[in-house]
Amino acid sequence: MPVQNIQNIISTIDYLEAHLTDCPNLDMAAEALHYSKYHLHRMFTDTVGLTIHEYVLRRRLTEAAKLLVFSDKPVLDVAMAAGYGSQQAFTKIFTAMYKLPPNKYRENEKFYPLQLKYKLEGSYHMLDNREFTEQDIAFAKEKDIPCWMELVRLVVDGFPNLDEEEYIHVLREMIRKRQALILKDGDTAIGIMIFSENRGSIDFMGTHPLYRKKGIPKAFLDKVMGELLKGKEISITTYREGDRADTGHRSEIKELGFAEAELLVEYGYPTQRFVLK
């Protein structure tokens, strides 16, 4: 991807974030930034993996969830702040995405984001390189945690109920056990995986959106299957079919060869287990 396109996406995201309360859309962004709608839509979707409408929806609901947990504003006021004309409309979309109605979500007193502000920072020297292989992947070290977490925040849409403090605690333990893998471009994490040797499971896998066409998930699987969990069945969990919050992670897992298995509930969230023989 040309550097100029990345800069254009950064400008677009800055505009959307500055106007979240105005319900910005493709027309507004294209006019404000002097791009053609067709070009902006294609460029944004190819880079972020979401349409502008989807990104704004998820960001506004994330900010609404934050207000529900960290403020005492009435649900109607939160709905209005999120751009909804009625509490009923807000409750319907919030429940579809968060799996709890706003009042129940507030009672849990536990905030987690659907979508954080999209940040594209780094030099990306290897962006034009060949596809990556398992030889490019290394065991993560303690010093990798900051760049690892930057990537986690970038791909948070794939991991509902993420608690950063709890996640970092687990990450440190898995680094110590040599069950955390990382692929870096300079100081930027572009691929990460946590796996469990005992369970034969992949507990977390993320790829930097700019590198999604570089074969990174397959490279991680090749390393795990060929070197670390050789001969074992591998499992991973993701969204259930039809979940409004899924931005494509379920289909990506199926494309890697995983087959559907049992339905689960993890941390109160409905998921499905997938298995790779």
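Isoleucine 13 is buried, at a relative accessible area of 1%; buried means under 20% relative accessible area, exposed means over 50%, and partly exposed lies in between (1.4 Å probe, protein chains only). The residue sits in helix H1, residues 3-18. Helices here are DSSP runs of H or I with at least four residues, strands are runs of E with at least two, and both are numbered from the N terminus.

This is a predicted model, in which local features need pLDDT of at least 70, side-chain atom pairs count only at pLDDT 80 or more, and totals for chains, interfaces and linings use all residues. Residues are numbered from 1 along each chain as its sequence is written, and side-chain values use heavy atoms, with hydrogens and water left out.

**Helix H3**

- Helix H3 covers residues 37-48, which makes 12 residues.
- Its end C-alpha atoms are 16 Å apart, in agreement with the 16 Å that it should span at 1.5 Å a residue. The expected span is 1.5 Å times one less than the number of residues.
- Leu40, Met43, Phe44, Thr47 and Val48 are the buried residues of H3. They cover an arc of only 100° around the axis, so they lie on the same side of H3. The arc is taken from the directions that run from the helix axis to the C-beta atoms.
- An α-helix has 3.6 residues a turn, so residues three or four places apart point the same way.

**Helix H6**

- Helix H6 spans residues 87-98 and has 12 residues. From first C-alpha to last it reaches 16 Å, close to the 16 Å expected at 1.5 Å a residue.
- The buried residues of H6 are Phe90, Ile93, Phe94, Met97 and Tyr98. Their arc around the axis is only 115°, which puts them on the same side of H6.
- Gln88 and Lys92 are exposed, on the face of H6 turned away from its buried side.

**Cavity**

- The model has 1 cavity of 30 Å³ or more. A cavity is a set of points on a 1 Å grid over the protein atoms alone where a 1.4 Å probe fits but cannot get out; lining residues have an atom within 4 Å of a point.
- The largest cavity holds about 40 Å³ of space. Volume is the space filled by probe spheres set on the points, with grid points joined across faces, edges and corners.
- The lining of the largest cavity consists of Arg58, Tyr112, Pro113, Leu114, Val156, Asp157, Phe159, Pro160, Tyr239, Ala245 and Tyr269.
- By class, that lining has 9 nonpolar residues, no polar ones and 2 charged ones. Ala, Val, Leu, Ile, Met, Phe, Trp, Tyr, Cys and Pro count as nonpolar, Asp, Glu, Lys and Arg as charged, and the others, Gly among them, as polar.

**Cysteines**

- The structure holds 0 disulfides, a disulfide being a pair of cysteine sulfur atoms within 2.5 Å.
- Cysteine 23 is partly exposed, at 33% relative accessible area.
- Cysteine 147 is buried, at 13%.

- Asparagine 161 is not a glycine, yet has a positive phi of about 70°. It lies in the loop between helix H8 (145-154) and helix H9 (164-176). Asparagine 161 is buried, with a relative accessible area of 19%.
- Tyrosine 267 also has a positive phi, near 55°. Its place is the loop between strand S6 (259-266) and strand S7 (269-276). Tyrosine 267 is exposed, with a relative accessible area of 67%.

**Loop between H7 and S1**

- Glutamine 115 lies in the loop between helix H7 (102-108) and strand S1 (138-139). It is buried, at 1% relative accessible area.
- Tyrosine 124 is in the loop between H7 and S1. At 8% relative accessibility, tyrosine 124 counts as buried.

**Distances, C-alpha to C-alpha**

- Isoleucine 13 and aspartate 163 are 150 residues apart along the chain and separated by 24 Å.
- Glutamine 115 and lysine 230 are 115 residues apart in sequence and 35 Å apart in space.
- Tyrosine 124 and leucine 76 are 48 residues apart in sequence and 44 Å apart in space.
- Arginine 273, in strand S7, is partly exposed at 21% relative accessibility. Arginine 273 and asparagine 5 are 268 residues apart along the chain and separated by 37 Å.

Technical notes
On a 1 Å grid over the protein atoms alone, a cavity is a set of points where a 1.4 Å probe fits but cannot get out, and a pocket is an open set with protein on both sides within 12 Å along at least five of seven lines; lining residues have an atom within 4 Å of a point.
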